[in-house]
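Biologist: Could you take me through the terms used for this model, setting each value against its definition?

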Amino acid sequence: MYPLKNRHSFAIDVFAKQLTEIRSLADLALIKWSNDTYILGEGTNTIFTENFEGQLLLNRITGIEIQETREGWHVFAAAGENWHQLVVSLIEQGIYGSENLALIPGSVGAAPVQNIGAYGVEVARFIDRVDVYDCKLHVETSLSHEECQFSYRDSLFKKPDHRHWLITGVHFFFPKAWQPVLDYPDLATLPTDTTAKEILAHVIQVRQRKLPDPQRVPNAGSFFKNSVVSSAKCQQLRQKFPQLPYYEQPDGSCKLAAGWLIDQAGLKSYVVGGAGVHSQQALVLVNRDHASGQDVLQLAEGIQAQVKQRYGIQLEAEVRLLNGTGLINP
Ligand code: EPU
C-alpha cells in the first residue's frame, strides 16, 4: 500500500493499492487502463476520502521548450511541471500574461482540466493546444483550443468519456502585446502602468494573505465552484441580499460569490470532526486536525444543505472527491 497523505494537499491519511509514476511515453505504453484508474498530478484539487483500491497514475512527465516569434512566445510545458514555477520563470524571462495565475498550486497538466483561473484571468486564454495520450487505445493525439471546450472551471477533460486521456503537455502562446488585467477587486488598487513583475508579487501577497498554505493547513483550494444562475434568480437574491457579490457573464447569466453565501450563512466556524471551513475564505475547506474522508463529506453536505435552504442554490464541488474506486462527483 502507498501512503496518499503526502500525495494530495488535503492530506487525508489513506493509502493506494497500486501507484505508477509516469515519466515518459514509454511508461504509458505499459499501462492497462481499467475503470478504476485515476490520473493524479500534484493532488492539489483531489481529495481521497478513503483508501483507493484502483490504479493511480502519477503524471510526472517533465520538460519545457520556448520559441520566440515576432508576435510572441510559443511555450510548451510537459504536464508534470509545476504551474507556479513555470509562471515565475516566464515572468523572469520577460514573457508576460500568466502573472495573475501565480501561486495556484498544482501541475501544468492539471491547469487545462479545470481551466484554472484567478483575478480575472483563466488559463484557457493562453492555451493553443493540449497533447494527450489515450490510455485505452494507446495513441497520442493533440487537441486544439476549441476542441478542449473550456468554460468556467471546466473542459472536455472533465467529461466522463475522456477520463482515459492523460495530458502529456500543454502548448501556450503569450503575445508580446501585453496588457495588464487589473479589473478584479483585489488588483483594482494597482496603477494602470503596473508591470507584470509587480502584479506577480501582488498576487502572491494577496493569495498568501487570504488562502491557507497547504503545507501548514492542508486544503485543496476552493472546495465549491462559484454558482452560475439566471439573471432573474440573481435579481431575486440581490433584492433580499443587496451586498451579494456577483459577476455578469457574457451569456447573460450571473456568477455568484459562493464564499459570500457560505460566510453570510454563518458557516465560517462550521466544523465536522477534523474538517472545517477556513476562517478567512469560506469557499475553502481545511483539514484542521486529522480529518477523515467522512468528516469532509459530512461538512460539505451540511454546507450544501444550509446554502440550499437559505438561498435556493445548489453548490457544486470544485474539488474532485474520490471514494475507493473512483470519482464520487463525476
Ligand atoms: N467573500 C466573502 N466571504 C468569504 C469569501 C469570499 O464575503 O468567506 C466575498 C469576497 O469578499 C469577495 C467575493 O466573495 O467579494 C469573492 O471572493 P474572492 O475574491 O476571495 O474569490 P472567490 O470567488 O471566492 C475565486 C476562485 C479562486 C481564486 C479567486 C480570485 C473559484 C471557485 N475560486 O474565489 O480560486 O483564487 O476567485 O480570483 O472560482 C481555486 O479555484 O481553488 C481558487 C482558490
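Modeller: What follows is a short exchange on a helix pair and a sheet.

The model is predicted, with local features needing pLDDT of at least 70 and side-chain atom pairs counting only at pLDDT 80 or more, while totals for chains, interfaces and linings use all residues. Residues are numbered from 1 along each chain as its sequence is written, and side-chain values use heavy atoms, with hydrogens and water left out.

Biologist: Why are helix 2 and helix 4 called roughly antiparallel?

Modeller: The axes of helix 2 (residues 83-92) and helix 4 (residues 196-210) come within 10 Å and cross at roughly 155 degrees. Angles over 145 degrees count as roughly antiparallel, and therefore helix 2 and helix 4 are roughly antiparallel to each other.

Biologist: Which residues make the contact between helix 2 and helix 4?

Modeller: Helix 2 contributes His84, Val87, Ile91 and Glu92, and helix 4 contributes Ala196, Lys197, Leu200 and Ile204, where contact means heavy atoms within 4.5 Å. By class, five of these residues are nonpolar, one is polar and two are charged.

Biologist: What makes strand 15 and strand 16 a pair?

Modeller: Two strands pair if DSSP finds at least two bridges between them; strand 15 and strand 16 (residues 254-256) have three, in the antiparallel sense, and therefore meet that definition. Tyr247 has Lys255 of strand 16 as its bridge partner.

Biologist: Why do strand 14 and strand 15 stand at the edges of the sheet?

Modeller: The open sheet has three strands in the order 14-16-15, with antiparallel pairing. Strand 14 (227-229) and strand 15 (246-248) each have a single partner strand, so one side of each is left without a neighbour in the sheet.

How values were computed:
Axes fitted to C-alpha atoms, helices over the stretch in contact; angles between N-to-C directions. Helix = DSSP H or I, 4+ residues; strand = E, 2+ residues; numbered from the N terminus. Parallel < 35°, antiparallel > 145°, perpendicular 65-115°, else oblique. Nonpolar A, V, L, I, M, F, W, Y, C, P; charged D, E, K, R; others polar.
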